[in-house]
Amino acid sequence: MSSLIDQARQILRANDLDGYTVPTRGLYPYQWNWDAGFTALGWITFDEVRAWRELERLFEGQWDDGLVPHIIFHKYDPGYFPGPDVWGTRHTPPTSGISQPPVAATVVRLMLEAAGDQTLAEAKAKALYPRLLAYHRWWQRARDPENTGLVVTYHPWETGADNSIAWDAALARVPATKTEFVRRDTQHVDQSMRPHRSEYQRYIYLVELFRSLDWQPQAMYEQTPFKIADTAINAILQRANLDLAELARRFGRSDEAAELQERADHTRRAFAALWNAQRRVYQPYDRIAGQRIDVPSCLGMLPLWGRVPDETTAKAMMTELERWAQISPFLVPSSPPDFPGFESKRYWRGPAWLIINFMIADGLAHYSYPDLAERIRQSSEALIETGGFHEYFDPLDGSGCGGKAFSWTASMGLYWIFRKSG
Ligand code: GLC
């Protein structure tokens, strides 16, 4: 175990570029939004000053309207596509123009709990608080202007689960860009593990469309051909709103605590429309097609992390996860292996991701299913042992896939898997 801890620390140190951590060298040479959150949890276990720095650097990319973009291009790297010129957001430092699942407020709360230096932690959390609040208000204002209780996403990259089977139908309705481009990802990682070119052409079409709208929130809301109330973003935002409300109380901001709590109550009720009782999993809602997307995925288990389901619903989800465990040697597959479209190595179409495992296990423990939570932790430990600190894993044979020496895998080892071991 101690050698795995050493290796994990070593990965973070090697991926550290001046206060921010790249997910992995080569494939992802910038700072990503939700990666930064999970990676700060890794740092907090052995370098607290550095852990807080990770979040400060992320918030350097925050826009005036509150948006925290999904990529902060701190220092130009020609090895990545699409770079700052393609996004054309004209922000300093350069950034993308979409966001990612907002884990930051939850991470701040967990870091406050984990920190040995409470004086430092309190000061850092207090300084980050208004920025977090602005970010959460941005989600609500820009992405739920009709106050439905659920925010919408305009891009598969924003969901964090780029090529999930869940996006297939909605993405097929998006035109392909006519612009010629050279992908960089397939120069770093085997093509069989990455999204297809036809998907990339649509990812880029969306970026070009939003750039042509000058990234104006109202115009994007009205004109995007891809508009989905996703279970990952909404569940993670829900948990983050609850955690931010807790921080607000701690810092004596009772009006803001009430505002956040009210929003969380509204969202919890709105989640009912995403529940599929037959499949025993939450599912995203396609606002353009006007229907729920009938694909079961690990993202639909994240409402456990968001404290969304009631006891009966949580039990049904747990039962469904038990079923997945019978057909998948390693947990948690991004879609169950018996679902059409499952591919064990292709990114978000089947593989297991340790950040997802962490959130689902946390949720299961909260709903009093510690045994299944522990099985997921053990499975995650076994994945690191068989596959190394890869970006993600094949859930059928446990092999490591995608980028190597990956920051969020190392961080989940440090913060969760090894800490709770034995
Ligand atoms: C990919 C993943 C996304 C992650 C990013 C950097 O785009 O799908 O979730 O944030 O890589 O690791």
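This is a predicted model: local features need pLDDT of at least 70, side-chain atom pairs count only at pLDDT 80 or more; totals for chains, interfaces and linings use all residues.
**View 1. The lining of the second largest cavity has eight nonpolar, one polar and two charged residues.** The residues that line the second largest cavity are Trp-63, Asp-65, Leu-67, Gly-97, Trp-138, Ala-142, Arg-143, Tyr-154, Trp-215, Pro-217 and Met-220. At least two lining residues come from each of α6 (118–143) and α11 (217–223). Helix α6 contributes the most to this lining, with three residues.

**View 2. The largest cavity has a volume of about 260 Å³.** It is lined by 24 residues, and those closest to its centre are Tyr-28, Trp-32, Gln-100, Asp-162 and Tyr-347. Two or more residues of the lining are given by each of the elements α2 (33–44) and α9 (185–188). Sorted by class, 13 residues of the lining of the largest cavity are nonpolar, five are polar and six are charged. Over the whole structure, the search finds four cavities of 30 Å³ or more.

**View 3. Arg-50 sits in helix α3, which covers residues 48–59.** Arg-50 counts as buried because its relative accessibility is 8%, and the cut-off for buried is under 20%. The side chain of Arg-50 makes a polar contact of 3.0 Å with the side chain of Asp-16. Apart from neighbours within four places in sequence, the residues in contact with Arg-50 are Asp-16, Gly-19, Tyr-20, Thr-21 and Trp-43.

Key: Residues are numbered from 1 along each chain as its sequence is written. Side-chain values use heavy atoms; hydrogens and water are left out. Helices (H or I, at least four residues) and strands (E, at least two) are DSSP runs, numbered from the N terminus. Buried means under 20% relative accessible area, exposed over 50%, partly exposed in between (1.4 Å probe, protein chains only). A polar contact is a pair of N or O atoms within 3.5 Å; within protein, one must be able to donate a hydrogen and the other to accept it, and residues adjacent in sequence count only if both atoms are side-chain atoms. Contact means heavy atoms within 4.5 Å. On a 1 Å grid over the protein atoms alone, a cavity is a set of points where a 1.4 Å probe fits but cannot get out, and a pocket is an open set with protein on both sides within 12 Å along at least five of seven lines; lining residues have an atom within 4 Å of a point. Grid points are joined across faces, edges and corners, and a volume is the space filled by probe spheres set on the points. Ala, Val, Leu, Ile, Met, Phe, Trp, Tyr, Cys and Pro count as nonpolar, Asp, Glu, Lys and Arg as charged, and the others, Gly among them, as polar.
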